[in-house]
Amino acid sequence: MKIHMDLDSFFISAERIKNPSLRDIPAAVGGRGDPFIFDKEQKSKIDIVQKNSGAFVPNIFYNSDSTFKEYFIEGEKIRGIIITASYEARKYGIKTGMSIREALSIYPKLIVVPPNHLYYHSLSHKLKEFLQTRIPLVEQFSIDEFFGDLKGWIKEDEVKEFLIYLKKEIKEKFSLPISIGVARSKWTAKLATSFAKPNGIKVIKDDEIEDFIKDIPIEDFPGIGRGYAKRLHRVKIKKLGDIKEAKELFYNWKKPGITLYKRVLGIDNEPILISHPKKSIGISRTIDPIEDREEIKRRIVIMSRYLAFSVMKLNLNPRYFSFKIVYDFKGRSKAHELLNRPFSEKLLKDTMLRLFLKADIYRYSKVIRLSMVCGKFYEKKIFDIFTYKDDEKAKRLSFQTSKARKKYGVDTLKWGVEFI
């Protein structure tokens, strides 16, 4: 049997370990998109963590003991959104993604604390190391989710007893509540976890799958996003139980459709993956609407510095570079390039600035989001001979600056344009 483990309200549960006064009351952890990395006066150490994130997005963290006022209040405005809400807060309608201003209007006594992501990642990493001593195969799916395979380790009729004891150990050792789903398929197990919350266990046996999924809305299944949901609604498929009779439709969608069909029915037999091959690394930031193109370029340089540091840290050499813009009127535009050149921070910076000029098709509109991605990492390194000498020089410089940043923080060395 495979299991899916999901820490309940992880960030606020972690905060409750440090601050017991947050227990059993409506509380939440809030966050902001970019309160610090674009600040010209930033002198604090900011770090990047790449552990514990199922997707390969570098997490940029500013650690402080900021108060609510210092972190969330800017001028007369309350900035930020709810990242995680306690179950006590959810009873009042407080949800992830809701603005803090709206959350406080719903429940004025709500306690909202700034995030401490390095602490969360450290706690998650320690939990994973513990799980590896109890379960033969453990896959970290996200910072607060894990898959495990108990086949050949725990007898099926002893699984629930084993998990009850495992939950008890996690609570005693880490003070964290965790919900667990169990099934033959890892994706059915993940779906089952949502019915185990909070702090429970849900076991789905093979002969129970069809009855279990029959009335569940298709949007609730992991892997069915808006695109698939729209397609399925067009053909009157609204419940997971409707999918079994639509095999031909899903198989017409080729590999992605076939994979999804098998996952929904619990017949995918996909293994637990101890590690994931890295396909791309990206960074994005939502910002207050900006029309000034020079300020946008300055921010692109800063984001390039962070992304380059992450790529260098993993010793990767991408050849695919992509840049995406979202405008305040919800318009979107993107551009990409393929390059056969040794990677360096300068190469990334110059490429992203060039792609921004290509992608910026509404040049008099305000920008609210910037995203950049590196991918298609080289297995065999065949580079452009005309730029190779200069590229290698830039790469060596990036390597040296990366060493300094690992020791003293990503903001230790900056480009001059960042101060303008």
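Start with serine 322: its bridge partner in β16 is valine 373. β14 and β16 pair in the antiparallel sense over 9 bridges. Pairing here requires that DSSP finds at least two bridges between two strands. Strands are DSSP E runs of at least two residues, helices are H or I runs of at least four, and both are numbered from the N terminus.

A word on the source. This is a predicted model, where local features need pLDDT of at least 70, side-chain atom pairs count only at pLDDT 80 or more, and totals for chains, interfaces and linings use all residues. Residues are numbered from 1 along each chain as its sequence is written, and side-chain values use heavy atoms, with hydrogens and water left out.

Now β15. Strand β14, residues 318–327, pairs with β15 in the antiparallel sense over 7 bridges. Tyrosine 320 has leucine 338 as its bridge partner in β15. Lysine 324 stands opposite lysine 334.

How enclosed is β14? 7 of its 10 residues are buried, so the rest of the structure largely encloses β14. Buried means under 20% relative accessible area, with a 1.4 Å probe and protein chains only.

Methods:
Buried means under 20% relative accessible area, exposed over 50%, partly exposed in between (1.4 Å probe, protein chains only).
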